[in-house]
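Visitor: Hi! I'm new to reading protein structures, and I'd like to go through one with you. Could you bring it up?

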Amino acid sequence: MADPIRRRRVRHPVAHLVLCIGAVFMVGPFLWQLSTSLQTFGESVSVPPTFLPHSPQWSNVTTVFSALPFGHQLLNTTAMTIARTVGQVLFSSLAGFAFARMQFRGRGVLFGVFLSVTMVPYQVFLLPQYQIMQKLGLLNTLVALFLPGMFSAFGTFLMRQFFLQLPQEIEEAARIDGANILQIYWRIMLPMSAPGMIALGVLVIIWSWNDLLWPLVVNSDPRQMPVSAGLASLQGQYTTNFPVLMAGSLLASLPVIIVFIVFQRHLMSGIAFSGVKG
Amino acid sequence: MLLLPAAAGLVVFEIWPTFQTIYYSFTSWGAFGGHTWSGLENYRTLIADSDVVHAVINTAIITAITLLAVPISAVVAALLSLPGMRGVTIYRTLYFLPVVTLPAAVALTWKWLFNGDYGLVNWLLSKVGIDGPHWLSDPATAIFAISIVGVWGSIGYNMVIFLSGIRGIPVDYYEAAELDGAGRVKQFFHVTVPLLTPSIFFVTVITVINALQAFDLVYLMVGQQSPAIQRTETLVYLFYQRGFAEHDGGYAAAIGVLLLLATLILTAAQFRLQRRWVHYG
Amino acid sequence: MLVAPFLAAAACSGSSDSGGGDDKQVTLTYAIWDQAQVAAMKQIISEFHSQHPNIDVQVQVTPWESYWTKLQTAVTAGTGPDVFWMTMVYAKYYATGGGIAPLDDQIKSSKMDMGAYVPAVTKAYTIDGKVFGVPKDVNGFGLCYNKQLFDAAKVKYPDESWTWSDVIAAAQKLTNPQKGVYGFVAPEADELSWYLTVPQVGGQIISPDGKSSGYDQPATVKGIQFWTDMITKYHVSPTLQQTTDTDPLAMLTSGKVAMRYCGSWEPEEIAAVPYGKAHIDIAPLPAGPDGNRNYYSNGLANSMSAKTQHREQAWEFLQFLGSERAAEIQAKTGTVIPAYEGHAEAYAKAMPEFDLQVFVDQLKYAQPFPASTDTAAWRDDATKQFAEAWTGKASVDEVSRSVASKMNDALSKEKK
């Protein structure tokens, strides 16, 4: 048989080999998770291990749903992430704009205070934040999940850096046209700072979606927990029933993975931006 | 005033709490609420507490091992940046997957992989004649297992930072190096690495800060009942355990202050040292 | 103690319209930790709801590992559940700390008969003369074994004549390293391990007056040694690392171990695994070397939060939880032995595939579960320290002495 396509020489064969081995290491755990999530408990603890389940056990998925208010928790995580992201991006861009473009007394000192807050690990705020939530009667509510996470000194810093590098001419032109500071912010600076806001937003989304410690502390009612804390309690219930645990892990990570694949380009450039400016 | 929302939020939720935590570190808490001034009592307990010593050492080990992800990611990014490289998007996506996966899910999955009797890791080791340990419940190995997961989880993020850093390196540097007869490896060490130092610095700082805050993996992969807990507990884990499981808020606050000091010292040290090795183009 | 009801009353009047009117729709939160009992609890709730249409009850399951952490935080904050499961371990802690409410007034006015429950349980929840919980269940223990593995190794099934030496002899025959099968499993889990053997040789965990540790007594050491010998001397049990990595019950239901000491709440979990249902059976708990069958039994109660805003409704629900009907529902599912006397038989018949009667027969040897005001302070430390003995790094004798000294320190610090 004739082969009509001329074989192309693969460029950088060694690089491909290294990267492929690496890729197996990176992706292998996901494949194993998927495979186990469809096995019976007996299959999962057999030696040698089972690679393909004899017949897919969808009951593991239903077990997860009956053990956890999983739909609720997914909504909680989503709401928490959206609220924190919108809050941080909005408040940080306002404050960042003020620091970058407005003259006022005490600006240097105030900015210094913001900068030093970025250095404090967030566990240090945890106890008092918990007490604030308790005093406001917000424990075990959705609001408790996101409220303290809506403000960010780091976000303000990032946005200030972004505003600083925008050209000043447009702003001056607008000022000559009689626009006030809010109008300048809203009509001109905000649209121009979209890449910076996306960069910050992406970081907040990842941090917020993954956050475990704070939810663990404020919300003990499973219906008010995000998925991360829900998975922790699933482990408490199904200690070493790995098929069920893997099904839960898969369900919990799937939504973000899908979002990631769809918005990949924005995400990557957002992270790259924070790396250059941070 | 544009600053107001952010400033008010920070004062209420971060700045005031910082001072409150410092105050709490000098108090002693009752089981169902209430606290009284106890002076340096917590700090006296702290320096004599073997758990705290373990936590500091463990946190340092985790930080050190997780830093291995930095050179690995640099190599991956350099390979992906080779001229004419194919499949870059696919590789990038695959390497980035761990970053967007819920750490809780990551922890459970790796806990399963590291299971001493039925885990895939030990089965693979047995194929090459190695009798693998009970990674997560053996005090000697648990911290390494956790750190490996830390490396696995941070390669993708570092890689993206490095990729954009490499893209900023002018092509003529490589062309010049090539004219000098430098091979790919030599180019990596003499062009890529020096010009990438600002990104390397950034990634290092982030890695150290994240490693100092390690909690999820210890909480989910080891846990309080494990014989390996003393050899894996981190400062944040101890903070959670004392403050929220054992309701000793005063002592937890003292651990929080220790964590704050560690972060400040390490970050300051890195910024000082950066002058020696970071080249800003 | 008198402050708690007052606080609750203040909380009630503070919120706009809750005043305990019977026609008002109220939702109670009921916190439990065992997923396996959710079905029974939901059935109880639905029957309760049909009798009290104005009271909804929401079950909140928090796994044991985090249940107490979260409960204490939530109760302190006043956001906790209205009614929740209590164990003997924490009863004194919650009662003296003002976390749970005394029920004597309600018991008196609704003429509830506290004599209907297993006396050991009622007694454990009567603190300083006041009742702090409505008894729910009581624990029995037995020897779960894998018939298939016994048949394969041609070993006679265990029966009521067995003592420690029979267990050891059988375990040695059943252990098969080539197949990865162990004859026995010796987890480091007090309630399911040495709390069952220490009383059999006359040892004790805590002195009857609750003031000093019993860990330094030679008999106690002997009772603990039984477990470590299985691993370090006879090599018939998986190691501590193995039992940490994989749940011992899962080892039993997947044919990896042939014998395990089981609690009366576990048969349902065993039956949920097809392999377990087909091959596992239950024999009486082997007696001590001299035929002694005493054991430490925990038993749960339902308690009312001292900070509930729905005191009347919570009491209605507690009464139903303590009723004969609720006992019947729990017994029939085979999840637990009800503390309501006279319903153990229904439990024993709930799962014909297992001989559940062995758990019931054992109840007469039950001893009160070791507890003091702050039980967790020394119990967790004991578990942490005994890991050294389980891994063979230190002798049981050494560790026990160190546990005893730390426990005595902790006991002396307790607020009496």
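Predicted model: local features only at pLDDT ≥ 70, side-chain atom pairs only at ≥ 80, totals over all residues.

Visitor: Okay. How many bridges are there between β6 and β12 of chain C?

Guide: Strand β6 (residues 134-135) and β12(C) are joined by two bridges, in the antiparallel sense. Two strands pair if DSSP finds at least two bridges between them. Strands are DSSP runs of E with at least two residues, helices are runs of H or I with at least four, and both are numbered from the N terminus.

Visitor: What about β3(C), how does that strand pair with β12(C)?

Guide: Strand β3 (residues 83-87) of chain C pairs with β12(C) in the antiparallel sense, over five bridges. In that pairing Val83(C) has Met304(C) of β12(C) as its bridge partner.

Visitor: And how many residues of β12(C) are buried?

Guide: Five of the five residues in β12(C), which covers 300-304, are buried. A residue is buried if 20 or more other C-beta atoms lie within 10 Å of its own, exposed if 12 or fewer, and partly exposed in between, with C-beta atoms placed from the backbone.

Visitor: Which residues sit on which side of β12(C)?

Guide: Leu300(C), Asn302(C) and Met304(C) are on one side, with Ala301(C) and Ser303(C) on the other, and both faces are covered. In a regular strand the side chains alternate between the two faces of the sheet.

Visitor: New topic. What is the strand order in the open sheet with β8(C)?

Guide: The order is β9-β8-β10 in chain C, with antiparallel pairing. The edge strands, β9 (259-263) and β10 (280-284), each pair on one side only. On average, neighbouring strands of this sheet are turned by 40° against each other, direction ignored. For such angles, axes are lines fitted to C-alpha atoms (for helices over the stretch in contact), and angles run from 0 to 180 degrees between N-to-C directions.

Visitor: How many bridges join β8(C) to β10(C)?

Guide: Five bridges join β8(C), residues 141-146, to β10(C). Asn146(C) stands opposite Ile280(C) there.

Visitor: Zooming out, how does the radius of gyration of chain C fit a compact globule?

Guide: It agrees: with 416 residues a compact globule would have a radius near 22 Å, and chain C has 22 Å. The radius is taken over C-alpha atoms, and the globule rule is 2.2 Å times the number of residues to the power 0.38. Chain C has 20 helices and 14 strands, and 55% of its residues count as buried.

Visitor: How many helices and strands does chain A have?

Guide: Chain A has 15 helices and zero strands. Its radius of gyration is 24 Å, well over the 19 Å that the rule gives for 278 residues, so chain A is more spread out than a compact globule. Buried residues make up 50% of chain A.

Visitor: How many residues of chains A and B are in contact with each other?

Guide: 66 residues of chain B are in contact with 68 of chain A, where contact puts the C-beta atoms, placed from the backbone, within 7 Å. Helix α1 (residues 4-24) of chain B gives the largest share of chain B's side, 13 residues. That side has 48 nonpolar, 16 polar and two charged residues. Here Ala, Val, Leu, Ile, Met, Phe, Trp, Tyr, Cys and Pro count as nonpolar, Asp, Glu, Lys and Arg as charged, and the others, Gly among them, as polar.

Key. Residues numbered from 1 in each chain as written. Chains lettered and ligands numbered in written order. Contact = placed C-beta atoms within 7 Å.
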